[in-house]
Amino acid sequence: MELGAAQNPNPDPPISAYYQTRADHHAVVSSDWLAHAAAAASSISDAEAAPPPSPGSNGGGVIEEFNFWRRKPEAAEAVAAIMALTAVIRSSRATTMMELEIELKKASDKLKSWDATSISLGAACDLFMRFVTRTSHLEHEKFDAAKSRLIERGEKFGEISLKARKTIAMLSQDFISDGCTMLVHGYSRVVLEILKLAASNRKLFRVLCTEGRPDRTGLRMSNEIAALGIPVKVLIDSAVAYSMDEVDMIFVGADGVVESGGIINMMGTYQIALVAHSMNKPLYVAAESYKIHLS
């Protein structure tokens, strides 16, 4: 039975909005498909009614796994989310792909609600769901083989994400020359990794670091830059235009990257970009690919 994308064969189906959306997207819904979705949703509800697992067990929960990875200094929140979602697949007791996808979607939503203000966390969860699970040929494999493939993809995605900062730092070294002056704005672990690698390569440069009000993240950034043995000077935010003449380049991080190529970052980034553009100073945004926000 074929239906138009805007039609709904069952006005009150016992399935989640997530699967209704997916049904509309594929534009073809069979009665068997709806029956499988209803059964999967029912089994997930039964699982939620069961007593919670004891701490330390494989099913400890996506938030516990997320916090475990988040405590590691090399893992950003987004990377921790990717690792946690991979652990959900590994410990899942689902017996069909549909049950597993519903379980993953619930875990992803739980992570995003943990910090609704984190753009990179939401983007990483969405990218994980697209990159790892959105492959149609998985539906034609046996479930155990498909699950193993999902775990493999999740681990690969996490491995790539963990290496992202070092990869960006390595690629950025060609932009930094001896004797240059860089302006940085806000606290960015990616930018810090770039500066750390440049200093370890014995490049001679100095850094101007904005104060970063109202949370003064620039002071934290300047302290960590100074700890690397790099000459650093703190600027009040309103002195950016005044000091731009002595700047050779600007490095900023990003909380998120939107599909148009624009970035979401701390307050003041836009005005720095405008001043840099008017004075022909290059501005580089250092951001990991898992921060790309897909609408």
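Me: How many aromatic pairs are there by this rule?

Reply: The count comes to four aromatic pairs, in what is a predicted model.

Me: What describes a pair of aromatic rings?

Reply: Two things: the distance of the centres and the angle of the planes. Take F175 and Y284 here: their centres are 4.6 Å apart and their planes make an angle of 40°, a tilted pair.

Me: Which parts of the chain does the pair of F175 and Y284 tie together?

Reply: F175 sits in the loop between helix 8 (164-172) and strand 1 (180-185), while Y284 belongs to strand 7 (residues 283-285), so the pair joins parts 109 residues apart in sequence. F175 is partly exposed, at 41% relative accessible area, and Y284 is partly exposed too, at 25%.

Me: What about F251 and Y284?

Reply: F251 and Y284 also make a tilted pair, with 5.3 Å centre to centre and 35° between the planes. This one links F251 in strand 4 (residues 249-252) to Y284 in strand 7, 33 residues apart. Because its relative accessibility is 3%, F251 counts as buried. Together, ring pairs link F175, F251 and Y284 into a cluster.

Me: Which residue lies over the face of Y187?

Reply: That is R220, at 3.8 Å from the ring centre.

Me: Now to S222: is it buried or exposed?

Reply: S222 is buried, because its relative accessibility is 6% and the cut-off for buried is under 20%. You will find S222 in helix 10 (residues 217-227).

Me: Which residues does S222 contact, leaving aside neighbours within four places in sequence?

Reply: They are C209, V232 and V234.

Terms used. Residues numbered from 1 in each chain as written. Predicted model: local features only at pLDDT ≥ 70, side-chain atom pairs only at ≥ 80, totals over all residues. Heavy atoms only, no water. Helix = DSSP H or I, 4+ residues; strand = E, 2+ residues; numbered from the N terminus. Buried < 20%, exposed > 50% of the residue type's maximum accessible area, 1.4 Å probe, protein only. Contact = heavy atoms within 4.5 Å. Phe/Tyr/Trp six-rings, centres within 6.5 Å; stacked < 30°, edge-to-face > 60°. Lys NZ or Arg CZ within 6 Å of the ring centre and 35° of its normal.
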